[in-house]
Amino acid sequence: MKKRRLAALALCVSAAASMTACNVQTKSDMTSAAAAENQASAEADPNADVEIGEVNLKLLYNSSDESIANVIRDELTKAGITVEMSAASDGAAFREQEGNGNFDIAVSSWANPVGTPDYGCRGIWESVGDSNLTGINDEKLDELINQAAAETADVYVETYGEAERYVVEEQVYMTPLYISMTGRASSNILNQDTITNNQRWEKLDYADESLRDTRTLVLTQTGSTITTWDPIRADDQSSGYALDEMYVHLLTLQPDWSVSTDSSLSYNYAVSDDNSSYYFILRDDCGFARIDADGNVYDSGVKVAAEDVVYSLNRAKDPDSTAMHKTYSMYTNLDTVEIVTDIEELDSVKTAGGTSVREVLEADITPIETLAATRDEVDNAAGSYQVVRCNTTVPYPQILNCLTFHGAGIVDSEWVEAMNEGVDYSTYDATKDKLYGDSVTTVEGATYDNQLSLSGNYVLTSMNDYQMNFVANPYLRTNDPDCTKIKILTDRFIADTDTALSALRSGEVDLPYSIPSTKYDVVEQDENLNLTKFPGIRAYMLAFNMHGNSIVSDSVDLRKAVASAIKYEDISAVLAGNTIECYSPLSTCLDAGNKLSYQAGDTEKYLRAYFANK
């Protein structure tokens, strides 16, 4: 009998504790001053007699978003704006053109895999953001981002609301398109109860558990342009999807965006009552796995330890810690990372609940007898543990979610240092210099020299033009041998989502990364498949060129003219209605009550204002 499940998740999920998720607020009647002005000016246009001239705009988009780009072109054409279409072949080409300012408007998207508003905006809005490719450089916006980051969830919703109104309606650096709906299509061979929205590979299981050790699970991903397996140098979907599984973290993210020690390096964690110090007590049964010349996994003999945590997180927060660092913005508020050796500190520091940090850390484990400074002194069974403390520059509970991101993956400190020794990051040349994680070393053939040292659930043994090959890490959480259920996994590169769906229907793959939103009904009608829907984590926005080399860079009126011509209903229609309306990239995890205020006739009004000022 055909099975279909619709996940009963709201778009913005509120966690039980304020420090673990976005804490979505109830919609309010907030209306920005800018919105009120727009409504008033729509009734009386002072530029009614100004003649509207010709406007030509270059629309940049990823080839996979062509249907959306076509709708935008048609809407702008109806508004009297001429659009030149510019398709980028893949994500890497799109980011390069966007970063170079080779566009006027661009169909951009931003995924928020950690569920915090800071991650939802800092990288793309902050003037020095590591993913700010559209050229936004605004001191007021920077101040709002940093102000909100220092606030707790009961306060920051108002500040983030002000920031998104400033971006979307006052300055119009971008305008909303939609949030994608995630449809997880999968084969019946999988246990459907193990399919989640933020799919973690180690949680997947077969309906027939006897297949775990012998059958290869086949997944897909859309991106294939992979340059590095160093978690802090990766900023793209191609590598980020796998990096989450290749390195262990202090915490992991649950489907409801709360954080957990499940599948992590930590037994427990505790937070000081001022939300500025975060303590983690580490397991001693996790080891780094390495790969020999024949692609076989072997035990490095090195235990994943506090020394590696300190090294990895200090690298993550330092923009200059490696060449082409891509993920540092998330850790702006991370101050110091230290190994705790004074057991009295654990007794004296209190949590918000009034208990000591020690009481929280010791829950359900052998009581702490000593704190070890080095990995060689650790013996959890005898009560000897390592504890790491992360201090933030301001009270910043969002740091917990940030620690689940692939950029906070724990690397082998001595191994990485040895691999990168002698490389001058300031003059790094990717064609000449070799750094830890260079993907070319994992490609089958003449260049194969896999030098990865991995602490995560899965070990990448090799890759080629078609797929990546993984095996479960046998040296991870050895006291819990079933922590990773399926032992052999292949991740295939299939950029076209229609092709991925065909591969699923033919039995070539078990779980594609995504399928066309217009083909969900095809899956629902196939008795061999299952479909589960979830609110997506990716917000699509029409971004404006703020680099200064476009006619939209210097005219907020022109940007408003474009923004007011976009109709969500038209975009949703070409995606078979499998979308959610949004206001900004923050909408995937926070609702500040903001709504677009554009009225009929606004596009013409703003075009007249543009030519009047021009």
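Me: How are helices α5 and α6 oriented to each other in this model?
Reply: This is a predicted model, in which local features need pLDDT of at least 70, side-chain atom pairs count only at pLDDT 80 or more, and totals for chains, interfaces and linings use all residues. Helix α5 (residues 139-149) packs with α6 at an angle of about 160°, their axes 8 Å apart (axes are lines fitted to C-alpha atoms, for helices over the stretch in contact, and angles run from 0 to 180 degrees between N-to-C directions). Angles under 35 degrees count as roughly parallel, over 145 as roughly antiparallel, 65 to 115 as roughly perpendicular and the rest as oblique, and α5 and α6 are therefore roughly antiparallel.

Me: How many nonpolar residues does the contact of α5 with α6 hold?
Reply: Residues are numbered from 1 along each chain as its sequence is written, and side-chain values use heavy atoms, with hydrogens and water left out. K140, L141, L144, Q147, A148 and A149 of α5 meet Y156, T159, Y160, E162, A163, Y166, V167 and E170 of α6, where contact means heavy atoms within 4.5 Å. By class (Ala, Val, Leu, Ile, Met, Phe, Trp, Tyr, Cys and Pro are nonpolar, Asp, Glu, Lys and Arg charged, and the others, Gly among them, polar), the contact of α5 with α6 has three charged residues, two polar and, as the number asked for, nine nonpolar.

Me: How many charged residues are in the contact of α4 with α6?
Reply: Helix α4 (residues 117-125) packs with α6 at about 35°, with the axes 12 Å apart. Their contact joins P117, D118, C121 and W125 of α4 to Y156, Y160, A163, E164 and V167 of α6. Sorted by class, the residues of this contact are seven nonpolar, no polar and, for charged ones, two.

Me: Which orientation do α8 and α12 have, and which class of residue in their contact counts four?
Reply: The axes of helix α8 (residues 306-317) and helix α12 (residues 413-420) come within 9 Å and cross at roughly 50°, and the two helices are therefore oblique. The contact pairs E307, D308, Y311 and R315 of α8 with S413, V416, E417 and N420 of α12. Two of these residues are nonpolar and two polar, while the class that counts four is charged.

Me: Is L217 buried or exposed?
Reply: L217 lies in strand β6 (residues 216-221); helices (H or I, at least four residues) and strands (E, at least two) are DSSP runs, numbered from the N terminus. Leaving out residues up to four places away in sequence, L217 touches L190, L204, Y206, I486, I488, L489, T490 and D510. Buried means under 20% relative accessible area, exposed over 50% and partly exposed in between (1.4 Å probe, protein chains only); because its relative accessibility is 0%, L217 counts as buried.

Me: How far apart in space are L400 and L253, C-alpha to C-alpha?
Reply: L400 belongs to helix α11 (residues 399-402), and at 0% relative accessibility L400 counts as buried. In sequence L400 and L253 are 147 residues apart, whereas in space their C-alpha separation is 9.4 Å.
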